[in-house]
Amino acid sequence: MPKAPIYFDNHATTKVDPRVVQTMLPYFTEHYGNAASRNHAYGWSAEEAVEKARKQIASLIGATAKEIIFTSGATESNNLALKGVAEMYAEKGNHIITAATEHKAILDSTKHLEKQGCRITYLPVMADGRIDLDMLRDAITDKTILVSIMYANNEIGVVQPVKEISKICKERGVLFHTDAVQAVGKIPVNVMEDGIDLMSITAHKLYGPKGVGALYVRRKGPRVQLAAQMDGGGHERGMRSGTLNVPSIAGLGAACELCQQELTAEMKRLGFLRDKLKNKIMSELDEVYVNGSLEHRLPGNLNISFAYVEGESLLMGINDIAVSSGSACTSATLEPSYVLKALGAGDDLAHSSIRFGLGRFNTEEEVDYVAGRVIEVVKKLRDLSPLYEMFKEGIDLSKVQWTAH
Amino acid sequence: MAYSDKVLDHYNNPRNVGSLDKSSADVGTGMVGAPECGDVMKLQIKVNPATGIIDEAKFKTFGCGSAIASSSLATEWLKGKTVDEALTIKNTDIVNELALPPVKIHCSVLAEDAIKAAITDYKTKKGVAVEAGALAVH
Ligand SMILES: Cc1ncc(COP(=O)(O)O)c(C=O)c1O
């Protein structure tokens, strides 16, 4: 048996690659200068590290180094992109388009902007988790200044048709921002080929440290401008003030370089492991549903609903495995995942879902073990489930009169 | 979230899992909750016609670990009680016994509802008038 607990929650965060840690260490105790100190060697070596990282990030995403703005993570990058554009382009319009399945860092930012007088359109998604391009086209008005659609979803791993979205935006003269936190370093992302104007990334999802990220801001065709959301020393081309977090930035750069080197092989390896996990589970259990498109999906993601089994009880049974559930029975709200609800899966299937997030440090041995444990616990819980019993008796659960609760 | 040892024990070794014959005159069945709310409990009692004592209780639950533990515990408590004694089991007793945190109190409420629903079903079958309010609706 592999050493427990097994970490299959790589969409929540990732382990920092030991090679990244090694890159960071000298910037705590040796080269601890302020990257803005222009007149001594400490400052120069810190600046050098920052500029190297900028190049490494730019290289991974097909940008130029000057287009990388460092932030404290993707929550900040998303806030800066949305609020910065809304403020800067207020004279042009006040309408922003996003999608129902976005991360809270987007949805709460747009809610904030709504209070300030912006109009926000929340596009629904189709059953496969992707937006409908015709609906996007129809939603754009002459007041639209920004479309913000995530590259890949953090729960279901579904990849949006980014190239098609950017093409529509370009035709209509609207800026395009994408929260690419889950995609960068995992699948090919290229701001030129993909036609992206602004893009949020964070280090801790790509085997770098927590609390550091970046916003890509296009400089040519068009030159995107942003109103800074934090006042101070005017760092980062005036878009984001604050002394740069040099060790973490060096880590983000190193993490991007490693992802770039390993991307193709890692995509293949994770896709194989994910498919193995899926196939093993689905060959042993009936009534298992994959949430979201399998075709347009991150290789390391598997989000499945085990019908007639409640997600939290399943997590309790596989407590030697770190995964997450779309059922929020653990929280005070008792609300199932809004992303799964947006797919139209039905609350019952949302309550039965588990997200498996495979990453760089997972092995085939772990996949075999996890599949076996999941199968064992789902079988046990179905023996306990009145719903599975009714299903087996041929009762249509959708026709049952449930008691109000 | 950490579970109490008692919740873990009931989850790992649930008591009295199974089903009784719904159509039997001595069996009362209660089914409460809804799949879209994330929990459904089925609780059944079998009453000895000679003594009026519940000599079998079974459950099946779709729900979180606390919901499973609440219904498992309920079946343990039901056995050996008369129907009227069974009606005195309160959700707060379950909360205390299992050390349920505030967000899990609804699981104990559901278990109490399931007990009442099973007893109501049994009494209805026996032609006993069911006193108003016995079946709480939430
Ligand atoms: C899609 C997506 N956007 C944004 C974030 C927020 O990133 P950060 O934790 O760096 O603020 C996350 C991760 O939690 C995410 O998955």
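A: B:Ala99 sits in the loop that joins helix H4 (91-98) to helix H5 (105-126) of chain B. Helices (H or I, at least four residues) and strands (E, at least two) are DSSP runs, numbered from the N terminus. The model is predicted, so local features need pLDDT of at least 70 and side-chain atom pairs count only at pLDDT 80 or more, while totals for chains, interfaces and linings use all residues. Residues are numbered from 1 along each chain as its sequence is written, chains are lettered from A and ligands numbered from 1 in the order in which they are written, and side-chain values use heavy atoms, with hydrogens and water left out.

The backbone at B:Ala99 has a phi near 50°, which is positive although the residue is not glycine. With 52% relative accessibility, B:Ala99 counts as exposed; buried means under 20% relative accessible area, exposed over 50% and partly exposed in between, with a 1.4 Å probe and protein chains only.

A:Glu236 counts as buried, at 8% relative accessibility. A:Glu236 belongs to the loop between S8 and H8 of chain A. That loop, which runs from S8 to helix H8 (246-284), also holds A:Pro222, and the peptide bond leading from A:Gly221 to A:Pro222 is cis, with omega near 0°.

Strand S8 (residues 213-217) of chain A is mostly covered, with five of its five residues buried. A:Gly213, A:Leu215 and A:Val217 point one way from the strand, A:Ala214 and A:Tyr216 the other way, and all are buried. Two strands pair if DSSP finds at least two bridges between them. S8(A) pairs in the antiparallel sense with strand S2 (residues 68-71) over four bridges, where A:Ile69 stands opposite A:Leu215. Strand S7 (residues 198-202) is antiparallel to S8(A) as well, over five bridges; here A:Thr202 has A:Gly213 as its bridge partner.

Elsewhere in chain A, four strands make an open, antiparallel sheet in the order S9-S10-S13-S12. Strands S9 (288-290) and S12 (324-325) stand at the edges with a single partner strand each, so one side of each has no neighbour in the sheet.

As for the whole of chain A, its secondary structure comes to 13 helices and 13 strands. Its radius of gyration is 22 Å, close to the 22 Å of the globule rule for 405 residues, so chain A is as compact as a globular protein of that length; the radius is taken over C-alpha atoms, and the rule is 2.2 Å times the number of residues to the power 0.38. The C-alpha trace spans about 75 × 50 × 35 Å along its principal axes. Of the 405 residues in chain A, 58% are buried. Where contacts (heavy atoms within 4.5 Å) join residues at least 6 apart in sequence, 73% of them link residues at least 24 apart.
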